[in-house]
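User: I would like to learn how to read a model like this one, feature by feature. Could you walk me through it?

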Amino acid sequence: AGRENDWRQWLESLDRVERIAPAAVVPGHGGVLTGNGVASAIQRVRDILREALRTGVTPTAAHSSAATR
């Protein structure tokens with residue numbers, strides 16, 4: 001949820017995580033991510049956040065909308 005400023009900060013945080021280039025990430029949901037799974041997850045969240053900013057809907061709604069396309 002949150003607001004657009006929060007989503008922009010989230011995008012900045014994803015950039016920082018990507019620069020660190022972790023070997024593994026433990027997300028809040030699902031299994032441990034390693035290798036290409038880290039980059040894929042970062043890109044997936046980035047896409048959702050950008051769609052939310054573009055359309056003005058929450059990231060949850062943007063994700064749900066993308067899932068039904």
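User: What share of the 69 residues in the protein do buried residues make up?

Analyst: Buried residues account for 19% of the 69 residues. Buried here means under 20% relative accessible area, exposed means over 50%, and partly exposed is in between, with a 1.4 Å probe and protein chains only. This is a predicted model, so local features need pLDDT of at least 70 and side-chain atom pairs count only at pLDDT 80 or more, while totals for chains, interfaces and linings use all residues. Residues are numbered from 1 along each chain as its sequence is written, and side-chain values use heavy atoms, with hydrogens and water left out.

User: Which elements does the protein have, and in what order do they run from the N terminus on?

Analyst: Helices (H or I, at least four residues) and strands (E, at least two) are DSSP runs, numbered from the N terminus. This protein has 3 helices and 2 strands, in the order α-β-β-α-α. Its C-alpha atoms fill a box of roughly 35 × 25 × 15 Å along the principal axes.

User: How do I read helix 1, and which of its residues are buried?

Analyst: Start with its span: the expected value is 1.5 Å times one less than the number of residues. Helix 1 has 17 residues and reaches 25 Å from first C-alpha to last, close to the expected 24 Å. Trp7, Leu11 and Leu14 are its buried residues. Seen down the axis, the buried residues of helix 1 fall within an arc of 55°, so they line one face; the arc is that of the directions from the helix axis to the C-beta atoms. On the face turned away from the buried side, helix 1 carries the exposed residues Arg19 and Ile20.

User: What is the phi of the residue that follows helix 1?

Analyst: Most residues other than glycine have a negative phi. Here, Ala21 follows helix 1 with a positive phi, near 55°, although Ala21 is not a glycine. Ala21 sits in the loop between helix 1 and strand 1 (24-25), and is exposed at 56% relative accessible area.

User: Which residues make up the largest nonpolar core?

Analyst: A nonpolar core is a set of buried Ala, Val, Leu, Ile, Met, Phe, Trp, Tyr and Cys residues joined through side-chain atoms within 4.5 Å. The largest one has 9 residues: Trp7, Leu11, Leu14, Val38, Ile42, Ile48, Leu49, Ala52 and Ala62. Helix 1 and helix 2 are the elements that give two or more residues to this core, and helix 2 provides the largest share, 5 residues.

User: Is Arg46 buried or exposed?

Analyst: Arg46, in helix 2, is buried, with a relative accessible area of 6%. Arg46 and Asp15 are 31 residues apart in sequence and 9.3 Å apart in space, C-alpha to C-alpha.

User: How much space lies in the largest pocket, and which residues are closest to its centre?

Analyst: Rolling a probe the size of a water molecule over the atoms shows where empty space is left. On a 1 Å grid over the protein atoms alone, using a 1.4 Å probe, a pocket is an open set of points with protein on both sides within 12 Å along at least five of seven lines, and lining residues have an atom within 4 Å of a point. The largest pocket holds about 400 Å³, a volume being the space filled by probe spheres set on the points, which are joined across faces, edges and corners. Of its 15 lining residues, Trp10, Pro27, Ala41, Arg44 and Val45 are the closest to its centre. Helix 2 supplies the largest share of the lining, 6 residues.
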